[in-house]
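Please go through the structure below with the sequence at hand.

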Amino acid sequence: MVLCAGRLLLRSKAFRTRLFQRQCNGLVYSSAHGFNPDEIKEKLVAFQGGSIDLYKQDSGIAVLTVNNPSRMNAFSGSMMVDLEARVAELEHWSDGKGLILQGAAGTFCSGSDLNAVRAIANSQDGMKMCMFMQNTLTRLQRLPLISVALVEGKALGGGAELLTACDFVLMVQGSVVQFVHKHMGLVPGWGGAARLVRVVGTKNALKLLGGALKVDAELGLQIGLADDVLEDAEDQKTMQQLAENWLNNSIKGPPAVIQAVKKVIISGRELPLSDALRTEKEVFGTVWGGPVNLQALASKLKHK
Ligand SMILES: CC[C@H](C(=O)O)C(=O)SCCNC(=O)CCNC(=O)[C@H](O)C(C)(C)COP(=O)(O)OP(=O)(O)OC[C@H]1O[C@@H](n2cnc3c(N)ncnc32)[C@H](O)[C@@H]1OP(=O)(O)O
């Protein structure tokens with residue numbers, strides 16, 4: 001009887017919808033896991049410095065900048081809290097299609113601010129910070145926007161983890177990605193290991209973490225960590241424009257369609273096949289017979 005009720009629950013549409021929402025928009029950790037975000041946020045905001053800047057453009061591409069140049073864009077506690085707020089804002093951006101994640105002043109991000117890290121170097125606070133950042137980076141990865149990390153200069157520690165939460169990675173000539181965790185007596189905690197394995201495979205991930213290898217643009221391309229290499233243009237505006245041009249190949253079209261594309265890809269990656277197929281059907285239902293679809297049907301298209 002209990003088994004039967006369980007099966008019914010699994011099959012119910014409401015359950016599947018909740019599952020999809022939890023897996024695609026929801027949090028990895030909630031009160032069900034004994035996690036109270038407000039508690040760690042209160043500690044994190046005590047470590048001030050830098051900012052996470054969000055600039056939403058009419059083109060439908062937003063630019064998110066990790067901005068703490070005097071510390072090579074290290075993440076202060078307040079920046080961790082800022083990042084969550086910016087991601088929440090992007091979750092509700094109905095006109096959005098793409099996202100560029102970059103660091104200020106020609107370098108990507110040097111990980112956690114070591115001053116903040118030293119102050120919370122106990123296991124309990126470390127785990128709470130880790131849960132908070134995993135939640136935020138999972139939400140970043142699941143945004144219905146196609147995202148690209150523009151890596152200039154150095155991406156170290158948490159900075160290397162950060163770029164794995166983007167759909168694509170563009171490495172600028174001369175840039176280096178390094179999971180330095182081993183040298184700190186650590187492993188990644190912001191979800192960087194779990195995501196890295198899915199991007200470069202188990203063996204490459206073991207080499208990168210076990211050897212704390214310095215990944216330059218060439219090696220990045222070879223192992224699939226980087227999707228393309230950009231020449232260094234020496235000024236941030238031009239680099240950003242190059243990244244926008246690159247991203248434009250994947251985001252031409254109306255936001256509703258591009259967001260639908262990202263949603264079916266997320267569900268395909270994250271859900272078991274049957275759930276992914278059902279989700280694909282649900283998302284398909286949001287675009288089928290919609291204005292863009294009807295316009296295309298009326299226009300006698302030729303896909304030459
Ligand atoms: C391990 C995982 C963990 C997590 O997941 O939470 C982390 O991410 S811990 C942080 C891991 N990152 C580091 O250990 C980076 C350490 N820094 C460096 O290796 C270098 O500073 C480098 C390579 C980023 C830049 O070297 P460069 O010679 O070009 O510049 P400076 O060393 O003079 O750096 C300028 C200025 O920035 C400060 N800085 C750099 N990184 C951090 C950081 N992560 N936290 C705090 N401050 C940082 C550095 O101390 C200099 O400050 P100054 O006051 O001028 O001495």
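**From a helix contact to the sheet and the ligand**

Pro 37, Glu 39, Ile 40, Lys 43 and Leu 44 of helix 3 meet Asp 125, Lys 128, Met 129 and Phe 132 of helix 6; contact here requires C-beta atoms, placed from the backbone, within 7 Å of each other. By class, this contact of helix 3 with helix 6 comprises 5 nonpolar, no polar and 4 charged residues. Ala, Val, Leu, Ile, Met, Phe, Trp, Tyr, Cys and Pro count as nonpolar, Asp, Glu, Lys and Arg as charged, and the others, Gly among them, as polar.

The model is a predicted one: local features need pLDDT of at least 70 and side-chain atom pairs count only at pLDDT 80 or more, while totals for chains, interfaces and linings use all residues. Residues are numbered from 1 along each chain as its sequence is written. Helices (H or I, at least four residues) and strands (E, at least two) are DSSP runs, numbered from the N terminus.

Two packed helices are described by the angle between their axes and the distance between the axes. For helix 3 (residues 37–44) and helix 6 (residues 123–141) the angle is about 105° and the axes are 10 Å apart. Axes are lines fitted to C-alpha atoms, for helices over the stretch in contact, and angles run from 0 to 180 degrees between N-to-C directions. Helix 3 and helix 6 are therefore roughly perpendicular to each other, a label that covers 65 to 115 degrees.

Strand 2 (residues 61–67) and strand 3 (residues 98–103) run parallel and are joined by 6 bridges; Leu 64 has Leu 101 in strand 3 as its bridge partner.

Which residues are closest to the ligand? They are Ala 74, Gly 111, Ser 112, Gly 157 and Gly 158, from a shell of 20 residues; a residue counts as near if its C-beta atom, placed from the backbone, lies within 6 Å. Helix 5 gives the largest share of this shell, 3 residues. The shell divides into 9 nonpolar, 8 polar and 3 charged residues.

Most residues other than glycine have a negative phi. Met 72, in the loop between strand 2 and helix 4, has a positive phi near 55°. With 20 C-beta neighbours inside 10 Å, Met 72 counts as buried; the cut-offs are 20 or more other C-beta atoms within 10 Å for buried, 12 or fewer for exposed, and partly exposed in between. Ala 212, in the loop between helix 9 (202–210) and strand 8 (214–216), has a positive phi near 45° and is partly exposed, with 16 other C-beta atoms within 10 Å.

Terms used: Pairing = 2+ DSSP bridges. Parallel < 35°, antiparallel > 145°, perpendicular 65-115°, else oblique. Contact = placed C-beta atoms within 7 Å.
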